[in-house]
Amino acid sequence: MHHSPHLTNPTRACGRSKVFPVGLGGMLLSIEGRPDRAQAMATIHTALDAGVTLIDSASAYHTGADEVGHNETLIADSLDSWDGDAAGVTVVTKAGRIRPGDGRWLTDSSPDHLVRSATASRDRLRLDRIELFFLHAPDPVVPIADSLTALLRLLAEGTVTSVGVSNVTVAELDLAHELLGEALVAVQNEFSPSATQHRAVLRRAEELGLAFLAWRPLGTVGTRDDELTAAFTEVGRAHDASPQRTALSWLLSTSPVLIPIPGARRPETILDSARAAELHLGDAEVSRLGAAVASRAVLQD
């Protein structure tokens with residue numbers, strides 16, 4: 001009988017932490033269309049109760065220009081009001097994207113902004129230091145080496161313990177590894193059954209021993225009536241699992257370093273996602289889903 005690696009080893013390495021295989025992405029709780037505060041906190045508490053120990057945030061997860069860090073404050077308040085042991089929860093956050101309040105997402109990865117942003121994030125999260133801090137995105141007008149040097153400064157000042165890079169190419173990841181050395185512990189890029197364009201970055205993360213946090217890990221599965229959704233629905237049905245939960249289980253099977261961080265606006269959604277950690281797919285099912293993903297990728301090219 002085949003056992004997926006995450007069943008025999010129910011945690012995954014994220015820097016110095018061992019975390020539950022599925023994390024919670026905080027963005028949807030704070031941007032346009034967000035739930036009210038009570039529902040947002042209930043969603044976070046449900047994730048934690050389900051075993052989730054990694055929550056992903058960013059200073060840019062907000063709507064109005066006057067509420068930078070909305071998501072970080074929400075998470076800090078939710079951890080404070082949770083009746084479990086919040087010491088076992090890792091909150092990762094990022095700097096480099098900014099939102100002027102008119103719906104746009106812009107980039108400012110200038111060193112001064114990154115340092116100021118990280119310090120403010122640490123204070124909002126009520127931490128002595130941020131365990132894992134990401135460059136949210138390379139800035140088209142700032143050499144990425146300059147942005148990465150700001151991360152070195154944050155490490156030296158003790159504002160952060162370890163660092164990661166997000167939305168990067170293989171070349172940018174290699175440069176980060178060269179400049180940051182062992183302080184670089186993670187990369188965060190988009191990856192899902194419907195978006196596999198960063199597979200080379202995932203493979204490089206494996207080679208470098210880095211965690212790969214997959215954002216928007218469900219992609220279009222369950223939202224489009226297409227062959228991809230059909231494949232995940234059918235395989236899931238045999239396990240009494242939603243296509244979304246099946247997609248996350250398949251992602252976990254694709255790499256031992258991959259940690260999906262699905263977003264959620266409702267407690268039910270993250271509970272369904274978290275249960276992917278205990279969904280066992282057989283070899284034939286993993287292969288079949290891989291084939292559906294590959295044929296979808298060919299259509300995109």
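**Entry 1: helix α2**

I began with helix α2 (residues 37–49), which has 13 residues and reaches 18 Å from its first C-alpha to its last, close to the 18 Å expected at 1.5 Å a residue. The expected span is 1.5 Å times one less than the number of residues in the helix. I took helices (H or I, at least four residues) and strands (E, at least two) as DSSP runs, numbered from the N terminus.

This is a predicted model, in which local features need pLDDT of at least 70 and side-chain atom pairs count only at pLDDT 80 or more, while totals for chains, interfaces and linings use all residues. Residues are numbered from 1 along each chain as its sequence is written, and side-chain values use heavy atoms, with hydrogens and water left out.

I listed the buried residues of α2 as Ala 40, Met 41, Thr 43, Ile 44, His 45, Ala 47 and Leu 48. Buried means under 20% relative accessible area, exposed over 50%, and partly exposed in between (1.4 Å probe, protein chains only). The buried residues of α2 pack against β3 (24–25), β4 (54–56), α3 and α10 (267–274); contact here means heavy atoms within 4.5 Å.

**Entry 2: Asp 56**

I then looked up Asp 56, which sits in strand β4. Asp 56 has a relative accessible area of 2%, so it is buried. Leaving aside neighbours within four places in sequence, I found Asp 56 in contact with Leu 24, Gly 25, Gly 26, Tyr 61, Asn 71, Val 92, Lys 94, Gln 188 and Ile 261. From Asp 56 to Ser 30 I noted 26 residues in sequence and 12 Å in space, C-alpha to C-alpha.

**Entry 3: helix α9**

For helix α9 (residues 243–254), I noted that its 12 residues should span 16 Å at 1.5 Å a residue, and its end C-alpha atoms are 16 Å apart, which agrees. Helix α9 is mostly covered, with 10 of its 12 residues buried. The buried residues of α9 include Arg 245, Trp 250 and Thr 254.

**Entry 4: nonpolar cores**

In soluble globular proteins, nonpolar side chains tend to be buried together. I counted as a nonpolar core a set of buried Ala, Val, Leu, Ile, Met, Phe, Trp, Tyr and Cys residues joined through side-chain atoms within 4.5 Å.

The largest nonpolar core has 74 residues, and Val 165, Leu 173 and Phe 212 have the most contacts inside it. Helix α5 (residues 144–157) gives the most to this core, with six residues. A second, separate core of 12 residues includes Val 92, Phe 134, Val 185 and Ile 259.

I also listed what Phe 212 touches, not counting residues up to four places away in sequence: Val 187, Asn 189, Glu 190, Phe 191, His 198, Val 201, Leu 202, Ala 205, Val 257, Leu 258 and Ile 259.

**Entry 5: pockets**

Grid points are joined across faces, edges and corners, and a volume is the space filled by probe spheres set on the points.

The largest pocket holds about 660 Å³ of space. Its lining has 28 residues, of which Met 27, Leu 28, Trp 215, Arg 216 and Gly 263 lie nearest its centre. I sorted this lining into 11 nonpolar, 11 polar and six charged residues. Ala, Val, Leu, Ile, Met, Phe, Trp, Tyr, Cys and Pro count as nonpolar, Asp, Glu, Lys and Arg as charged, and the others, Gly among them, as polar.

The second largest pocket holds about 270 Å³. It is lined by 15 residues, with Leu 79, Val 89, Val 91, Leu 125 and Leu 127 nearest its centre. The elements that give two or more residues to this lining are α3 (70–81), β5 (90–95) and β8 (130–135). The largest share, three residues, comes from α3. By class, the lining has nine nonpolar, two polar and four charged residues.

**Entry 6: cavity**

I found one cavity of 30 Å³ or more. The largest cavity has a volume of about 50 Å³, and Cys 14, Gly 15, Arg 16, Glu 131, Leu 132, Thr 161, Ser 162 and Val 185 line it.

**Entry 7: positive phi**

Asn 167, in the loop between β9 and α6 (170–180), has a positive phi, near 60°. Arg 216, in the loop between β11 (211–215) and α8 (227–237), has a positive phi, near 50°.

Terms used:
On a 1 Å grid over the protein atoms alone, a cavity is a set of points where a 1.4 Å probe fits but cannot get out, and a pocket is an open set with protein on both sides within 12 Å along at least five of seven lines; lining residues have an atom within 4 Å of a point.
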